[in-house]
Amino acid sequence: MEETTVSFEQLGSIANKLRQDIVRMLHKSGSGHPGGSLSAIDIITYLYYQQLKRTRENSLAIDRHRFVLSKGHGVPALYAVLAEMGLIEKSALDTLREIDSPLQGHPDVVRIPYVEASTGSLGQGLSIAQGMAMAAKLDNFATKVFCLVGDGEIQEGQIWEAILSAAKFKLGNLIIFLDYNKGQIDGYVKDVMPIEPINEKLLAFNWDVHSIDGHDFQQIHEATEKAIANVDSPSFIIAHTIKGKGVSFMEDKASWHGKAPNDEELEKALIELRERG
Amino acid sequence: MAKKATRASFGEALIRAGEKYPQVVVMDADLSKSTKSDGFANKFPQRFFEMGISEANMIGTAAGMALSGKIPFICSFACFLIGRYDIIRMSVAYCDANVKLVGTHCGVGIGEDGYSQQGLEDLALMRALPNMAVVQPGDHIQTLEAVEYAVNHKGPVYLRLTRQAVEDLPHPGRAFEFGKGEILREGDDGTIIATGGTVYYSLAAAEQLNKEGKGNFRVVNISTIDPIDSELIENCSTSTRQVLTVEDHVINGGLGGAVAEVLSENAPCRLKRHGVLNVFGESGTPEQCYKKFKLDKEGIIEVAADFFK
């Protein structure tokens with residue numbers, strides 16, 4: 001197995017730093033989605049550092065690898081990574097959701113092209129990612145298209161339309177991560193609208209499926225490399241995650257889906273995260 | 001030339017676009033024999049994508065292809081496209097994705113299949129979206145030119161096409177100019193502003209009314225619903241004092257709505273919106289449907305004679 005460019009330990013360190021950026025920007029904006037941003041940040045950090053390898057020079061190249069955040073409410077995680085890589089200003093993170101800020105409450109591709117697509121109405125990003133993969137295939141580019149969907153999100157019918165078609169078009173360059181943090185807004189996914197058995201469903205739709213701990217960089221890396229090696233069918237990586245991961249009082253709580261931390265909560269969160277280093 | 005449905009003209013234009021522009025790709029949702037995208041499919045199989053009966057996925061996938069530099073034309077019946085409005089709103093309009101949405105089978109003119117397949121609210125919905133250009137060519141040559149225009153237009157376009165054959169229109173100048181209406185017939189007793197399959201009948205109605213000494217009416221063809229030619233519409237008010245709009249679409253929010261907005265803000269005058277009068281469409285032959293909904297020559301004469309003073 002190929003070594004990662006950035007070591008797993010370094011990735012962990014970066015992700016921990018970005019968790020601090022996430023809770024800080026949400027505290028400043030007073031609204032937004034900590035639970036789903038914290039569950040996703042490890043996957044997004046890995047993809048940008050190890051697969052997309054974004055620089056200012058390659059970030060808008062026509063044959064670039066792409067990442068679509070279909071669960072658009074997790075955008076604080078994406079903004080944090082883009083800022084860390086120098087594609088947006090770090091100071092811009094303080095303007096999340098403010099009037100006239102390019103950092104809209106959900107990804108806006110017109111204001112910030114680096115987010116690749118405007119999302120936020122769940123269920124749509126997978127189709128967009130599919131279209132990117134199909135265009136790349138038509139052009140014979142070596143592009144890989146990654147997409148992160150939420151577990152509540154796969155209750156949307158359009159997701160399954162795209163899962164049907166991606167298999168038809170044999171999109172080996174399309175790799176989906178499921179941020180399986182088990183919670184949505186009205187409660188646990190299993191209570192709101194159960195989605196199991198996911199593994200069997202995706203296999204039945206002729207996808208390749210992997211199941212990992214979405215906070216373990218080695219597992220993320222190994223599954224991604226396997227998915228990349230499969231050029232004949234699209235891949236679905238079920239990443240078991242924890243909503244609010246990294247901040248003990250947010251973990252596994254539906255109530256932290258869409259609530260910003262107050263002063264006291266921010267303080268507590270930062271102390272925990274800094275201790276982890 | 002003989003009567004031709006604008007969907008058929010579109011099928012031809014699409015092949016020409018495919019020959020001229022390598023970035024054009026086409027998608028359909030199991031209706032390519034009806035939308036006439038099948039000609040392109042046969043000629044350029046690598047650039048045609050059959051998406052099956054999954055319109056939402058088709059629209060989103062097209063957005064992804066557009067964001068990757070392609071120029072996708074996606075085809076279905078008008079009503080089935082707007083049925084997936086959230087995807088059009090978010091993935092196309094809000095992304096400003098260079099997708100050309102083609103809605104065929106507009107209006108009651110489709111005939112026998114009835115309401116479920118008739119596009120009757122699509123102009124109202126598409127008009128409400130920023131970034132979305134809305135075009136409805138009135139005849140064959142306008143369709144050819146509108147498709148050529150659409151390929152090069154920067155941003156999303158909605159193209160509305162008929163199932164039924166339509167007659168050629170007597171264009172005074174260029175057949176299609178984006179954002180501009182055309183005066184097909186001059187007159188100063190009032191104006192009939194029409195779009196799509198009703199333009200020819202509006203013209204025929206005006207000719208007959210004039211022959212019968214019941215008024216000499218201007219006839220305007222609006223082929224771009226959004227952005228609409230406000231200047232021309234205001235001129236219809238100031239020059240001819242009263243306006244009748246005609247469309248194969250509900251009267252709320254389509255051409256009539258757009259004209260009402262322009263006139264009441266800038267040049268109020270007597271206005272009547274004629275079209276499908278806030279009822280559902282129904283089955284019949286296209287001729288019977290046009291007759292019942294008063295969108296044919298006789299129907300428009302009746303409405304015009306009743307309205308114009």
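# Helices, a sheet and a chain contact

Visitor: Which strands of chain B does helix α9 (residues 199–211) lie across?
Guide: Helix α9 of chain B runs at about 45° to β9(B), where axes are lines fitted to C-alpha atoms, for helices over the stretch in contact, and angles run from 0 to 180 degrees between N-to-C directions. This is a predicted model, in which local features need pLDDT of at least 70, side-chain atom pairs count only at pLDDT 80 or more, and totals for chains, interfaces and linings use all residues; side-chain values use heavy atoms, with hydrogens and water left out. Residues are numbered from 1 along each chain as its sequence is written, while chains are lettered from A and ligands numbered from 1 in the order in which they are written. Helices (H or I, at least four residues) and strands (E, at least two) are DSSP runs numbered from the N terminus, and the strands that α9 of chain B lies across are β9, β10 (191–194), β11 and β13 (242–250).

Visitor: In what order do the five strands of the open sheet in chain B stand?
Guide: β9 (182–185) and β14 (270–276) of chain B each have a single partner strand, so one side of each is left without a neighbour in the sheet and both stand at the edges. The pairing, which requires that DSSP finds at least two bridges between two strands, is mixed in this sheet, and the order in chain B is β9-β11-β10-β13-β14.

Visitor: Which residue of β11(B) is the bridge partner of B:Arg185?
Guide: Strand β11 (residues 218–221) of chain B pairs with β9(B) in the antiparallel sense, over three bridges. Within β11(B), the bridge partner of B:Arg185 is B:Val219.

Visitor: Is helix α9(B) parallel or oblique to α13(B)?
Guide: Helix α13 (residues 297–307) of chain B lies across β13 and β14 of that chain, running at about 145° to β13(B). The axes of α9(B) and α13(B) come within 8 Å and cross at roughly 60°. Angles under 35 degrees count as roughly parallel, over 145 as roughly antiparallel, 65 to 115 as roughly perpendicular and the rest as oblique, which means that α9(B) is, relative to α13(B), oblique.

Visitor: How many residues in the contact of α9(B) with α13(B) are nonpolar?
Guide: Contact means heavy atoms within 4.5 Å, and those taking part include B:Tyr201, B:Ala204 and B:Leu209 of α9(B) as well as B:Lys297 and B:Ile300 of α13(B). Ala, Val, Leu, Ile, Met, Phe, Trp, Tyr, Cys and Pro count as nonpolar, Asp, Glu, Lys and Arg as charged, and the others, Gly among them, as polar. In this contact two residues are polar and one is charged, while the number of nonpolar ones is eight.

Visitor: Which three residues supply 24% of the area that chain A buries against chain B?
Guide: In the model, 30 residues of chain A are in contact with 26 residues of chain B. Between them the two chains bury about 2000 Å², 59% of it on carbon and sulfur atoms, buried area being the accessible area (1.4 Å probe) that two parts lose on being put together, summed over both. Supplying more of chain A's share than any other three residues are A:Gln124, A:Leu138 and A:Glu161.

Visitor: Where in chain B is B:Pro227 found?
Guide: The peptide bond that leads from B:Asp226 to B:Pro227 is cis, with omega near 0°. B:Pro227 is found in the loop between β12 (224–226) and α10 (230–240) of chain B.
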